[in-house]
Amino acid sequence: MSSTLDKNTRSLDELVADFDVVTSDSPASVADREALKAKPKFGTVFTDHMSRVSWTAADGWTNRRVEKYGPLLMDPAAAVLHYGQEVFEGLKAYKHADGSVWSFRPEQNAMRYARSAHRLALPELSADDFLASVAALVRTDIDWIPTGDEASLYLRPFMFASEAFLGVRPSLEVEHLVIASPVGPYFAGGVKPVSIWISQEFARAGKGGTGEAKCGGNYAASLLPQREAAKDGFDQVCFLDGAPEPAIEELGGMNVFFVHSDGSVVTPKLSGSILQGVTRMSIIQLLVDRGIEVHERRVTLADLRTDLESGQIVEAFACGTAAVVTPIGRLADGTFDVTINNGEPGALTMDVRAELTDIQNGRREDRHGWMTRLA
Ligand SMILES: *Cc1c(COP(=O)(O)O)cnc(C)c1O
């Protein structure tokens, strides 16, 4: 698959130059910034700036800029507040030992952003504009990128319907923004396996719905089941596809993999309601590179239970940009409750995790050309 970026005729420098940068009149002090970087709290602290592109049906995408981070002025009738017309992305910027700044397969995020936008009847942002809006912000706030083990700058592009109109139709005005938050290692005290509740009661997506789009609505649907599961002591919820003989899909924000005792690895096949994770597709490649048999197939709940109880499944893990790879130590659904690998992280799980984070942080050869230099 060739990405739109491969066909680039303009360099990233030229694309970034399309963005007008108006620097903040009240940036954090160097001392405050360094303190915040030293103890990053994911998603609560943001950098001094945000990048932004506006869209109208009449003029298309215009007004590319980087401006001071701050509250948005929004009309109470803005369509997003009523009908949820919104999509987002999540990726990271990594500062390597030589000071250069890189992102992991951002062209995949750009293409997925366009697909998500299409499903939500939002305008598609070009891959060039996507990458440039990310790079322009990263370059402006480059001093905010934490270094150190598994630290990075989390980037959150998002797009929403801003038109003040209560009629039900796609918005004629849309905003695309990118905000950034410094993050430390996801597992501060060492990688710890999570417990997963498989929900028979609630779904996050359904056939023909928006499960394959990265949109806020899917997350809204996952919050109640997540809260109920947390009450029962589970860390995360795994959702099913809602078919008569239900199959495993994914967690609220991560894809899942199962390692079998014969050495093969299984992950649910993309169904139209599973989010196509960049981490998922990259892990499949890394496993294939090792000569491991990877099966993308429908994983019914009944088969999963059989394979868990017979000990055929020896490791399980979830994956996504935020946590990279998270070992699963326990799976339950109300009729069964199985501990995997004595609740310890599996060897292959941790090995793949190390391989991926090493590539992202520039410590291992990037043999697939997955890294894109941002600054
Ligand atoms: C973002 C997301 C993932 C993980 O995707 P990555 O590209 O690997 O970060 C998985 N599932 C859902 C529902 C998501 O929103």
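Mentor: Let us begin with a definition: a salt bridge is a side-chain nitrogen of Lys or Arg within 4 Å of a carboxyl oxygen of Asp or Glu. A search of the whole structure finds 24 of them. Keep in mind that this is a predicted model, where local features need pLDDT of at least 70, side-chain atom pairs count only at pLDDT 80 or more, and totals for chains, interfaces and linings use all residues. Residues are numbered from 1 along each chain as its sequence is written, and side-chain values use heavy atoms, with hydrogens and water left out.

Trainee: What makes Glu250 and Arg204 a salt bridge?

Mentor: Their side chains meet at 3.1 Å, N to O, and the cut-off is within 4 Å, so the pair qualifies. Glu250 lies in strand β11 (residues 248-251) and Arg204 in the loop between β9 (194-199) and α6 (216-231), so the bridge ties together parts that are 46 residues apart in sequence. Helices (H or I, at least four residues) and strands (E, at least two) are DSSP runs, numbered from the N terminus.

Trainee: Are Glu250 and Arg204 buried or exposed, and how do you know?

Mentor: Buried means under 20% relative accessible area, exposed over 50%, and partly exposed in between, with a 1.4 Å probe and protein chains only. Glu250 has 2%, so it is buried. Arg204 has 8%, so it is buried too.

Trainee: Which residue forms a salt bridge with Glu309, and where do the two lie?

Mentor: Glu309 pairs with Arg305, and the closest N and O atoms are 3.4 Å apart. Both lie in helix α8 (residues 301-309), four residues apart, about one turn of the helix. Glu309 is called partly exposed because its relative accessible area is 48%. Arg305 gets that label because its value is 30%.

Trainee: How do you know that Arg330 and Asp337 form a salt bridge?

Mentor: Their N to O distance is 2.8 Å. Arg330 is partly exposed, because its relative accessible area is 27%, and Asp337 is partly exposed because its value is 47%. There is also a network of salt bridges, which links Asp289, Arg290, Asp351, Glu355 and Arg367.

Trainee: Why is helix α5 called largely enclosed?

Mentor: Eleven of its 14 residues are buried, so α5 is largely enclosed by the rest of the structure. Among the buried ones are Phe130, Leu131, Val134 and Leu137. Helix α5 covers residues 127-140 and reaches 20 Å from its first C-alpha to its last, close to the 20 Å expected at 1.5 Å a residue. That expected span is 1.5 Å times one less than the number of residues.

Trainee: And why is α9 described as largely enclosed?

Mentor: Ten of the 14 residues of α9 are buried, so α9 is largely enclosed by the rest of the structure. The buried residues include Leu348, Val352, Glu355 and Ile359. Helix α9 reaches 20 Å from its first C-alpha to its last, close to the 20 Å expected. Gly362 follows α9 and has a positive phi, near 75 degrees.

Trainee: Which residues other than glycine have a positive phi?

Mentor: Ala121 is one of them, with phi near 55 degrees. Ala121 sits in the loop between α4 (106-119) and α5, and is partly exposed because its relative accessible area is 37%. Asn341 is another, with phi near 50 degrees. Asn341 is in the loop between β17 (337-339) and α9 (347-360), and counts as partly exposed because its relative accessibility is 35%.
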